[in-house]
Amino acid sequence: MDEYCIIASERGKRPSDFASEKPVRSVSDCVFCAGNEDKTPLATAVYKEGGVLVDTEGSLVTGWDIRCIPNLFPALSPKPAILPEDLAVSQWSIQEGFGYHEVIVESSIHGRMISDFSDDEMSLLMRVYRDRVSHYRSQDGIEHVSLFKNWGERAGASLDHTHSQLIALPILPPSLKREQDAIHAASGCPYCDIVGTESESVRLLYENSGAVAICPHFSMSPFEVWILPKQHVNHLANCTDEMLRLIGDAIRFVVSRYDVVLGSPSYNYMFHGIFDDDSYHLNVRLHPVLSTPAGFEKNTGIYINTVVPEAAASYLKG
Ligand SMILES: [Zn+2]
Ligand SMILES: [Zn+2]
């Protein structure tokens, strides 16, 4: 068995917390808004006017473009709690919850959305993603950095001010390990094959000179989209500024189509990459939250998708 879970008691303390957790809707309460910098932990990186700064005690950076802060309720911590003694001798494989959990506040302006971002804003966001995953990869004990965005309550966002998150892990997630093993056993890169074949298919949603967006024929959920760089590259950390610009352009296109065609749904997007393995092919997966995994999905890990990908691409293209 190679499934993992993280027990993070700081994130939900009582049963009633689960029912009452609602996104913060007003600007005055929003800890991510400009002017409320003192309501979060000190920022670890603040992007402002082309430079990178950090907060220090008594000196908080204001007037910023993008602000990176430790999550106040981290799933993992650089100083994890000591394991209970009875678990330490059990048959389960366990380890302390070591890692890092950061929030990337993508704009100082409340209500701004990815679909509103200018080319420059989107390019900066992508470069920040690259900086921050590279930073955490360089920390002792970190094997993988999960980078993702939750937008909207149904996608798991507890604050509606636009932000992404990263969680730096001491392991490679089992799903990526399985994928890595399959790629090593294949002849050539399966993702490069997908770029080639899907560029000519009805499942192609968008392309620019550096990336394609497709509705994969094995979509797990309605309107799932994958973005693949045309050039083989294993990780965000190894992308040039131009590659990042073009991937960012594709992300903004897809999210904008979700907003128009699906009525601004909650969505997640997630970056998949493997550090130090050139055989992997960076990809970004976008899932609008339009259905809820139920008993069958949880029982089998097999997903029922009620929208065929060819139709999804056609709808999204309008
Ligand atoms: Zn806000
Ligand atoms: Zn490839």
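Biologist: Is Asn-150 buried or exposed?

Modeller: Asn-150 has a relative accessible area of 14%, so this residue is buried. The cut-offs are under 20% relative accessible area for buried, over 50% for exposed, and partly exposed in between, with a 1.4 Å probe and protein chains only. This is a predicted model, where local features need pLDDT of at least 70 and side-chain atom pairs count only at pLDDT 80 or more, while totals for chains, interfaces and linings use all residues. Residues are numbered from 1 along each chain as its sequence is written, chains are lettered from A and ligands numbered from 1 in the order in which they are written, and side-chain values use heavy atoms, leaving out hydrogens and water.

Biologist: Where is the place of Asn-150?

Modeller: Helices (H or I, at least four residues) and strands (E, at least two) are DSSP runs, numbered from the N terminus. Asn-150 belongs to strand S5, residues 144-151. Its side chain makes a polar contact of 2.8 Å with the side chain of Asn-268. A polar contact is a pair of N or O atoms within 3.5 Å; within protein, one must be able to donate a hydrogen and the other to accept it, and residues adjacent in sequence count only if both atoms are side-chain atoms.

Biologist: Is Val-260 buried or exposed?

Modeller: Val-260 is exposed, at 61% relative accessibility. This residue lies in helix H6, residues 241-262.

Biologist: Which are the protein donors of the zinc ion (ligand 1)?

Modeller: Donors are N, O and S atoms within 2.8 Å of the metal (3.2 Å for Na, K and Ca). For ligand 1, they are Cys-30 (SG), Cys-33 (SG), His-110 (ND1) and His-161 (ND1), at 2.0 to 2.3 Å from the zinc ion. Cys-30 sits in the loop between helix H1 (15-20) and strand S1 (45-48), and His-110 in the loop between strand S4 (100-105) and helix H3 (119-137), so this pair ties together parts 80 residues apart in sequence. Cys-30 is buried, at 1% relative accessibility.

Biologist: What are the angles at the zinc ion (ligand 2)?

Modeller: Four donors count as tetrahedral if all angles lie between 85 and 135 degrees. The site of ligand 2 is tetrahedral, with angles of 107 to 114° among its four donor atoms. Those donors are Cys-189 (SG), Cys-192 (SG), His-232 (ND1) and His-281 (ND1), 2.1 to 2.3 Å from the zinc ion. Along the chain their spacing is C-x2-C-x39-H-x48-H. His-281 is buried, at 0% relative accessibility, and Cys-189 is buried too, at 14%.

Key: Four donors count as tetrahedral if all angles lie between 85 and 135 degrees; four count as square planar and six as octahedral if opposite donors are over 155 degrees apart and all others between 65 and 115; anything else is irregular.
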